[in-house]
Amino acid sequence: MNRKLWIAGQYLKYRMLSKTKFKVHSPFVYQLYTDIILNNSRHSDFEKIEEQRSILLRQRSLLETTDFGAFSSGNAYKTRFRQVKNITRHSSLRPKDARLVYHLVKEAKPETILEMGTAMGISTMYIAMAAPESKIVTMEGCAVIGEKARENFNKFKLDNIDMVLGNFNNSLTKTLSKFDRLDFVLIDGNHRKKPTLDYFMSILPKLHAGSIVLIDDIHWSKEMLQAWNTIRQHPDVTVSIDLFKAGILLFRKDIAKENHILRF
Ligand SMILES: C[S@@+](CC[C@H](N)C(=O)[O-])C[C@H]1O[C@@H](n2cnc3c(N)ncnc32)[C@H](O)[C@@H]1O
């Protein structure tokens, strides 16, 4: 079956299974859902970033990019010319999901943040504006794309972002060694099952009861759904929340293991 059709089927299933706030019984998840996930409030930061996204979405200039994620094959990285506007359109978190990341970060006040998958830096900018005091490391395989993201960070004087260039498979261990613990992690790159599982297992020793992990594109493919289903069942994960596009993982010890599928 073609992937788009498969995703449409997954979305129908999600719409049938997902709960609204009236069906959430856990007080903790109810509060997280109503106060943060469904938080509709706007912030002037959003306008600044979305204005920048619009500028990028108009740029026809070509970048010679290297594919690292699900479109690459093994270590034989393919290079191709892509317009800035297309990279931005196809790679960046949607405004709605980026606002979710912002609200989660703003509320959780993480001191240490790791993002796997920078692209144009749209999600990184949401994170950095929500957490100007935090230590943020964002990882990107394609140096040319990373350079473009850096221009965006410089434009907004976001100087708490450290970018690590290189394939996650080679750079993650060293990057993790810079952290004693990770408070917030966004996994948004290399949408394949095994790498996603491997990245989760690599970051796990740095996570603690208060950590939040957000995995994007959990219904992007069968492989990503399998990875999500395996990860959410890990004994260290207590609460998992499927919002269709993204999944949230929590590790609190004071609450029973629960998986929620919530309307978003
Ligand atoms: C979906 S985009 C990230 C979008 C970004 N988080 C945002 O919302 O603005 C994924 C990025 O991860 C990078 N990537 C994918 N697999 C990678 C790998 N194995 N190593 C390094 N970078 C990788 C890609 O080059 C791409 O730019």
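The shell around the ligand has, by class, eight nonpolar, 11 polar and two charged residues. The model is a predicted one. Of the 21 residues around the ligand, the nearest are Phe 68, Gly 69, Gly 117, Gly 141 and Gly 189. Two helices, H6 (122-130) and H8 (168-176), each contribute at least two residues to this shell.

Gly 141, one of the residues that come nearest to the ligand, is also touched by Gly 166, which has Ser 171 as its other contact once residues up to four places away in sequence are left out. Gly 166 sits in the loop between E5 and H8. Is Gly 166 buried, exposed or partly exposed? It has 17 C-beta neighbours inside 10 Å and therefore counts as partly exposed, since a buried residue needs 20 or more and an exposed one has 12 or fewer. The C-alpha atoms of Gly 166 and Cys 142 are separated by 6.9 Å, although the two residues are 24 apart along the chain.

The axes of H8 and helix H9 (residues 193-203) come within 11 Å and cross at roughly 10°. The two helices are therefore roughly parallel to each other, because angles under 35 degrees count as such. On the H8 side the contact involves Phe 168, Asn 169, Leu 172, Thr 173 and Leu 176, which meet Pro 195, Tyr 199, Ser 202 and Ile 203 in H9. By class, this contact of H8 with H9 has six nonpolar residues, three polar ones and no charged ones.

The axes of helix H3 (residues 44-58) and helix H4 (residues 84-91) come within 6 Å, with a crossing angle of roughly 130°. That angle makes H3 oblique to H4. Arg 53, Leu 56, Leu 57 and Arg 58 in H3 meet Val 84, Lys 85, Thr 88 and Arg 89 in H4. The residues of the contact of H3 with H4 divide into three nonpolar, one polar and four charged.

Strands E1 and E2 come next. Strand E1 (residues 62-66) pairs with E2 in the antiparallel sense over five bridges, and Glu 64 stands opposite Phe 81 in E2. Strand E2 (residues 79-83) is hardly covered, and the count of buried residues among its five residues is zero.

The other sheet to consider is an open one of eight strands, in the order E5-E4-E3-E6-E7-E9-E8-E10, with mixed pairing. Strand E5 (161-165) and strand E10 (258-261) stand at the edges with a single partner strand each, so one side of each is left without a neighbour in the sheet. From one strand to the next the twist averages 15°.

Strand E7 (residues 212-216) and strand E9 (residues 246-250) pair in the antiparallel sense over five bridges, with Val 213 opposite Leu 249 in E9. Strand E8 (residues 239-242) is joined to E9 by four bridges, and these two strands also run antiparallel. The bridge partner of Val 239 in E9 is Leu 250. E8 and E9 form a hairpin with three residues between them, and Phe 244 in the turn has a positive phi of about 75°.

How many of the five residues of E9 are buried? Five of the five are, and the strand is mostly covered. In a regular strand the side chains alternate between the two faces of the sheet. In E9, Ala 246, Ile 248 and Leu 250 point one way and Gly 247 and Leu 249 the other way, and all are buried.

Leu 214 gives a view of this region from strand E7, where it is found. With 24 C-beta neighbours inside 10 Å, Leu 214 counts as buried. Which residues does Leu 214 touch, not counting those up to four places away in sequence? Its contacts are Val 101, Leu 104, Leu 186, Ala 246 and Ile 248. Ala 246 and Ile 248 point the same way from E9 as Leu 250. The C-alpha atoms of Leu 214 and Leu 250, 36 residues apart along the chain, are separated by 9.1 Å.

Terms used. Residues are numbered from 1 along each chain as its sequence is written. This is a predicted model: local features need pLDDT of at least 70, side-chain atom pairs count only at pLDDT 80 or more; totals for chains, interfaces and linings use all residues. A residue is near a molecule or strand if its C-beta atom, placed from the backbone, lies within 6 Å of it. Ala, Val, Leu, Ile, Met, Phe, Trp, Tyr, Cys and Pro count as nonpolar, Asp, Glu, Lys and Arg as charged, and the others, Gly among them, as polar. Axes are lines fitted to C-alpha atoms, for helices over the stretch in contact, and angles run from 0 to 180 degrees between N-to-C directions. Angles under 35 degrees count as roughly parallel, over 145 as roughly antiparallel, 65 to 115 as roughly perpendicular and the rest as oblique. Two residues are in contact if their C-beta atoms, placed from the backbone, lie within 7 Å. Two strands pair if DSSP finds at least two bridges between them.
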